[in-house]
Amino acid sequence: SALAYDTRDSLLYTTRGFSLSLHMEVAAPGSDLEYYKANVRAAWYVPLFRDYVFKVSGDLGYGDSYNSDEGLPFFKNYYAGGTSSVRGYEVRSLGPRDSGLSPDPIGGSKRILTNVSILIPIPGSTAKDKRFSLFIDGGQVYGPDQSLELGEMRFAAGIGFNWLSPMGPMAISYAKPLNSKPGDETEAIQFNIGRVFD
C-alpha cells in the first residue's frame with residue numbers, strides 16, 4: 001500500500017514542488033514469512049533563475065519480521081549504489097557483505113539515501129526533454145544487527161545528464177566518491193535507461 005502527497009509541476013521535468021510518499025509492504029499473518037517493509041521518500045524542488053532548479057531529496061527504508069526473530073527475508077533486503085541511489089559506487093555494492101573469499105554484497109534491513117542537486121537546462125534549448133545536473137549523492141545500507149550510523153554513509157559528487165529520449169528516459173553520470181573506504185567498489189561513469197534520476 002502507498003500514501004502520497006505531490007505538488008510537483010511535472011513528473012519527468014520537475015521545476016518546482018514537493019513530493020512525499022510512504023510505501024508499506026506487509027506479508028500476511030500466518031504465512032511462511034511474516035515481515036514488513038516501510039519506505040518514506042521526499043523531494044523538494046525550488047526554482048532558482050533561468051530555469052535552474054535546486055533539488056534536495058531523501059529516502060529512508062526499514063524492514064523486519066513481526067512475529068519471529070528471523071528478520072527480513074534476504075530476498076527482500078535493501079541495496080544501494082548505482083544510478084538510482086548513490087552514483088560513483090557500483091550497483092548494489094554498499095552495505096553488509098558475506099564472509100566469502102571475495103565478499104559479495106548481501107544487502108540489509110535498513111537504508112538511507114540522500115541527494116542534493118542543481119538541475120541545469122541545456123544552453124540555447126527550450127525543449128523540456130533533457131538537462132544536466134550537478135549533484136552530491138549519499139547513502140548506506142545496514143544489517144539487522146547494525147545501528148543506523150550516519151558516519152558510515154558514503155558520498156559522491158558529480159555531473160549527470162538526463163534525456164527523455166524516444167526510447168524512454170536515459171541517464172548518464174560521472175561521479176567521484178568523496179569518502180570511499182578500502183573494499184568499496186567504485187565506478188565513475190554509469191548509464192541507465194528506463195529511469196531518470198536527477
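Reader: What makes β6 and β7 paired strands?

Author: In this predicted model, 10 bridges join β6 (residues 130-142) to β7 (residues 154-165). Pairing needs at least two bridges, so the two strands count as paired. They run antiparallel. Within this pair, F132 stands opposite F161 in β7.

Reader: Where do β6 and β7 sit in the sheet?

Author: The sheet is open and has 9 strands, in the order β1-β2-β3-β4-β5-β6-β7-β8-β9. The pairing is antiparallel.

Reader: Why are β1 and β9 called edge strands?

Author: β1 (2-6) and β9 (189-193) each have a single partner strand, so one side of each lacks a neighbour in the sheet. On average, neighbouring strands of this sheet are turned by 15° against each other, direction ignored.

Reader: Why is S117 called buried?

Author: Its relative accessible area is 1%. Buried means under 20%, so S117 qualifies. S117 belongs to strand β5 (residues 110-121).

Reader: What makes the S117 and N115 pair a polar contact?

Author: The side chains of S117 and N115 are joined at 3.0 Å.

Reader: Why is L60 called partly exposed?

Author: L60, in strand β4 (residues 53-65), has a relative accessible area of 43%.

Reader: Which surface patch includes L60?

Author: A nonpolar one, with about 970 Å² of accessible area together. Its members include L60, Y66, L148 and L150. β1 and β2 (17-26) are the elements that give two or more residues. β2 gives the most, with 4 residues.

Definitions and conventions:
Residues numbered from 1 in each chain as written. Predicted model: local features only at pLDDT ≥ 70, side-chain atom pairs only at ≥ 80, totals over all residues. Heavy atoms only, no water. Axes fitted to C-alpha atoms, helices over the stretch in contact; angles between N-to-C directions. Buried < 20%, exposed > 50% of the residue type's maximum accessible area, 1.4 Å probe, protein only. Polar contact = N/O pair within 3.5 Å; in protein donor to acceptor, adjacent residues only side chain to side chain. Patch = residues over 30% accessible without salt bridge, like charges linked within 9 Å, V, L, I, M, F, W, Y side chains within 5 Å. Areas by Shrake-Rupley, 256 points an atom, 1.4 Å probe, with all protein chains shown as cover. Salt bridge = Lys/Arg side-chain N within 4 Å of Asp/Glu carboxyl O.
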